[in-house]
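The stops below go from the whole chain to single residues.

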Amino acid sequence: MTTAAAMPQASAISPRAMIRPLVLAQFICSYAASSLNVAISDIAKELGTTVGGVQTAITVFTLTMAALMIPGSKLTDIWGRKRCFGIGLAVYGTGAVVASLAPSLGILIIGYSLMQGIGTALLIPPVYILATVYFSDLASRARAFGSISAAGGIGAAAGPLIGGLITTTTSWRGSFVLQVVVVALIMVLGRRLEDSGPEEPRPSFDLTGAVLSAAGLFFIVVGILQTGTYGWLTAQQAFVVGGVTVIPEGGISPLWLFELIGVLLLATFFWHIRRTERAGGDPLLHARMFRSRVANIGLLTQGIQWLVLLGFSFVFSVYLQTVRGYNAIETGLILTPATLGILVSSGAAERMARRRSQATLIKAGFALTLLGIALLLLLVDAQSNVLASVPGLLSIGLGVGAMLTASVNVVQSSFPEADQGEISGLSRSVSNLGSSLGVSIAGSVLVSPLVSGNQGYVLAVGVLGAFALIGLAAAWLAPGKAPAMRAPETAEAGAAGS
């Protein structure tokens, strides 16, 4: 791994100039995950598909990011951080062009879900690695992570507003054109980024580990998507593959078959990386990444945060469009309080990090999110005024913004610079897995046979609230004080001995 000494101690580029392309990169990738929510009806109508079809495209986008984020982070050690960042931008921008011209759902999935997902998996790990390396003390790193995490949260929350404005005034395709323009700007700003280049000798790429981890996550998420058709417990219809009935109607839901395959693949992945380590090889992800209790709690809360944020954004956007009959721009405007809440609390990340522990901020964030969900369930129904949603949306935004930076700081600061490539990829993979699960779980609950009519939206929001409660419980297990950055030798010894 690249050591701290390999990075320049005094940089010619100012911190502000260095952080700009990183912040914009995180913003545009998060924007892409939520901006289509307000255009679901328009896309479905123009491409001749359904709300479920567009939901699949959104889920596959976040799933692609989750499945490839760890391999993408490994490539930063092989190609170098700056080069990996540039290649990711090129793939992402090309995918945006393809999506903007898509004549069908299939082409949209190729450009948006796959190409932009792959591009994101390549460009996002360098964002967090470079921020961690350039800002070594907790306060300045909190400021950097605050800017980047705020950009991610604001991108996800503002996606419906900006996407709605573009969709209403031009077309949903204009949203992808905007992404192309922003990517071009990031490429210009990113030319000044400094990087020591790939380490020597360059590590090998663990293809077997990459395939096993990606396939495992794929089956986990795709299994949940099947519940919309087959149900959660028993199969509502026969599950047929290649003309062969695998599960008859009334049998166990295919969900559990997919989950079993996914769990077995991930178990095989963990066996593979431990076996590779014992043989003296270079695994995709070292087992020590999972030996830090602090980091594990941070990863769990991080994943749940994005599950709740993206799941809620999807559910509430669909509700506003299909039940209340609002158009894209109106939907985006109604969601604005959540965007403002994230902007306010994320902007105060540095100040809050100096006054409160990271664990306290995570707890407060989940508490505010739960309060917001409760207010929405109590105050909003099919006949209520849109103003009734403001307190709940604002509270959710404040809560998510407060904990986004704190969780990232806890995870990244638990490991030395030598491990930043791997932990960054794992961290981003967990976040995107949370996003993917949020959309897929919320979407499947909406069409659940357990309820009828608009009660599906209430149930979906309630389920997201249950996940937020789990996140709050997990946050209570975190230590009161965030870990300080340790020297590589100390961290390595501690990891090996734990």
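Helices (H or I, at least four residues) and strands (E, at least two) are DSSP runs, numbered from the N terminus. Colour by these elements and the protein shows 19 helices and two strands. This is a predicted model, in which local features need pLDDT of at least 70 and side-chain atom pairs count only at pLDDT 80 or more, while totals for chains, interfaces and linings use all residues. Residues are numbered from 1 along each chain as its sequence is written, and side-chain values use heavy atoms, with hydrogens and water left out.

Next, colour by accessibility. Buried means under 20% relative accessible area, exposed over 50%, and partly exposed in between (1.4 Å probe, protein chains only). Buried residues account for 58% of the 498 in the protein.

**The cores**

Select L22, F85, L108, Y112 and F316. Of the 112 residues in the largest nonpolar core, these touch the most other members. A nonpolar core is a set of buried Ala, Val, Leu, Ile, Met, Phe, Trp, Tyr and Cys residues joined through side-chain atoms within 4.5 Å. Helix α11 (residues 293–322) supplies the largest share of this core, 13 residues. A separate core has 14 residues, including L212, V411, I423 and L426.

Now centre on F85. Contact means heavy atoms within 4.5 Å. Beyond its neighbours within four places in sequence, F85 contacts P21, L22, A25, L122, L123, P126, V127, I186 and L193.

**A helix pair**

Show α11 together with helix α18 (residues 455–475). They pack at an angle of about 165°, with axes 9 Å apart; axes are lines fitted to C-alpha atoms, for helices over the stretch in contact, and angles run from 0 to 180 degrees between N-to-C directions. Angles over 145 degrees count as roughly antiparallel, so α11 and α18 are roughly antiparallel to each other. Among the residues making the contact are I304, G311 and V318 of α11, and Y457, L464 and G471 of α18.

Select helix α15 (residues 358–379). Its 22 residues reach 32 Å from first C-alpha to last, close to the 32 Å expected, where the expected span is 1.5 Å times one less than the number of residues. Buried residues of α15 include L361, F366, T369 and L376.

The C-alpha atoms of L394 and T369 are separated by 9.2 Å, with the two residues 25 apart along the chain. Is L394 buried or partly exposed? L394 is partly exposed, with a relative accessible area of 34%. Not counting residues up to four places away in sequence, L394 touches P337, A338 and G341.

Note on methods. Parallel < 35°, antiparallel > 145°, perpendicular 65-115°, else oblique.
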